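Please open the model in your viewer and keep the selection tool at hand.

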Amino acid sequence: MNWKKEAEYELRNYSKMKDMVISNEDKIEQIDYEITTLRGVRADGNPVSGGTNAREDWLVENLSKKNELEMMIVIAKKHVDMVECGLSALLDEERKILSLFYIERPKDYIDRLCCDLGYEQSSLYYHKDIALRKFTLALYGVIET
């Protein structure tokens, strides 16, 4: 397995995972609100025998959806925590380099980093490789297999 590629993948998806946690938490909050909202009872219908009604089907479907969202949040939080743990093993400059290369990636990130850190472009890539190596070691404990 190419652990360096895996580490790059985790860094690139870090922001998306954080956003997904927030988004799914909002969806769960909406489901909880809808589930607990009282609905009027219809007294003019025939009782259902042996089956379910639309409200029960809706409740089961939404509880299932809520369960899936909760599992997705747990997985996403583990990815976010893993990346944050790997980044915490780096120096501030290394974190900044990896953040601009993989996480934020603004349009002019190379020029910005060269200017901020006082590096030539080739030197910047060298420092990026060192930071990525340290990050990968902190994340997985290995670089190559």
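In what follows, axes are lines fitted to C-alpha atoms, for helices over the stretch in contact, and angles run from 0 to 180 degrees between N-to-C directions. Helices are DSSP runs (H or I, at least four residues) numbered from the N terminus. This is a predicted model, in which local features need pLDDT of at least 70 and side-chain atom pairs count only at pLDDT 80 or more, while totals for chains, interfaces and linings use all residues. Residues are numbered from 1 along each chain as its sequence is written, and side-chain values use heavy atoms, with hydrogens and water left out.

Select residues 92-103, helix 3, together with residues 109-117, helix 4: their axes lie 10 Å apart and the packing angle is about 165°. The two are therefore roughly antiparallel, a term for angles over 145 degrees. Now show the side chains where Glu93, Lys96, Ile97, Leu100 and Phe101 of helix 3 meet Tyr109, Ile110, Arg112, Leu113, Asp116 and Leu117 of helix 4; seven of the residues in this contact (heavy atoms within 4.5 Å) are nonpolar, none polar and four charged.

Finally, select Thr136, which is in helix 5, residues 121-140. Thr136 is buried, with a relative accessible area of 1%, where buried means under 20% (1.4 Å probe, protein chains only). Leaving aside residues up to four places away in sequence, Thr136 touches Trp3, Lys4, Ala7, Gly141, Val142 and Ile143.

How values were computed:
Parallel < 35°, antiparallel > 145°, perpendicular 65-115°, else oblique. Nonpolar A, V, L, I, M, F, W, Y, C, P; charged D, E, K, R; others polar. Buried < 20%, exposed > 50% of the residue type's maximum accessible area, 1.4 Å probe, protein only.
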